[in-house]
Amino acid sequence: MIITSANNYEGLDTWLSDKKKVLLVCDDSLKFLDKFTAKLKTVDTTLVRFSDFKPNPIYDSVVKGVRLYLDEGCDSIMAVGGGSAIDVAKTIKLYSNLPGNGEDGSWLKADVIPNTIPFLAMPTTAGTGSEATRYAVIYYEGAKQSITSESFIPDTVLMDPDALKTLPLYQKKATMCDALCHAIESYWSVNSTDESKEYSKEAIRLVVDNMDGYLNNTEEGRINMLRAANTAGKAINITQTTAGHAMCYKITSLFGCAHGHAAILCDRILYPWMIDNTDKCIDPRGEDYLTQTLNDIGLALGAEDAKSGTRKLQDIFDKLQLEIPAADEEQYEELKTSVNPVRLKNHPIALDEETINKLYHEVLT
Ligand SMILES: [Fe+2]
């Protein structure tokens, strides 16, 4: 269920009405709940705050969250924040009914026992779509752990456009690009379905139509960007992301660009390259299907065909005035071997190391 400002967030009263104690997982976003204080007072619900985690959250923080959830006798979970807060809340939900105390990373290897703990998420950025996906990322002993479970997708999403009001402009641009890249990559993914493509199309249109309003901070722009990120999240929940995301992680770690910034750096180059290389299609639906798909993406972007779609994507990038980092030869060496081959399997055109290297030379200066 999605709760929005329509009817003064009345769905929130309903969601809270049968909850006694809610574990509130939040970063410094707690202030965004102030407007709901009156509502919270009218229901007999206690909030137990958990904020003992950082961006790129670690497993040990999740273990602490589970302990608090159990010690306090909570019956539900609410996440307020960006991707990290939502990922922490997801994994707390997932591990809260597992045996043992999670010592030495044991829950990472344990068999999941799906549970029905009520779980509401309120995203305070419009980008990751984490509130709509079966993926969460946490770190254990420095290593990234990608956790996948259908059972931790929030049952309810609270979209409050006011939460985006004070986001710094760069963060707004980067998270918006993340949502756009999720939608585009999901569309061309080999795992796409009719349903995922509908989500992608809708998300691309929402981004294109609301970009100006969002960056100028209108309420309509903000609520529609939350919808765009959520809808793009639903699309990648079905398909996962592809080469653009596989290539963007190292750009973030080498040059410090925000994730969505790095993603659009790559997708704006990948899209035209794909149009010229449909003969290397590995999507079982075939080359003609892929050509049509690339065309459809152009149409969703508001262009007439694939080629003008690539110009439209480049125009969006140019308009945002996002920096293009400069790499040296050593960094190109590191970049070309950094790409996760599992992600590349979702990409409809085969990419070898030489091609990836060539693409990185176009992505960066
Ligand atoms: Fe992303």
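Trainee: How many Å separate the centres of domain 1 and domain 2, taken over C-alpha atoms?

Mentor: Good place to start! This is a predicted model, where local features need pLDDT of at least 70, side-chain atom pairs count only at pLDDT 80 or more, and totals for chains, interfaces and linings use all residues. Residues are numbered from 1 along each chain as its sequence is written. The domain assignment, an automatic or database one, gives domain 1 (2-162) and domain 2 (168-363). Their centres, over C-alpha atoms, are separated by 28 Å.

Trainee: What share of the 365 residues is buried?

Mentor: A residue is buried if 20 or more other C-beta atoms lie within 10 Å of its own, exposed if 12 or fewer, and partly exposed in between; the C-beta atoms are placed from the backbone. By that count, the buried share of the protein's 365 residues is 46%.

Trainee: Which residues of α9 are buried?

Mentor: Helices are DSSP runs of H or I with at least four residues, numbered from the N terminus. Helix α9 covers residues 243-255, and its buried residues have a cover that includes α6 (169-188), α10 (259-275), α14 (341-344) and α15 (353-363). The buried ones are A243, G244, H245, A246, M247, C248 and I251.

Trainee: Which residue just after α9 takes a positive phi?

Mentor: Look just past the end of α9, where phi is about 75°. The residue is G256.

Note on methods. Helix = DSSP H or I, 4+ residues; strand = E, 2+ residues; numbered from the N terminus. Expected span 1.5 Å × (residues − 1). Contact = placed C-beta atoms within 7 Å.
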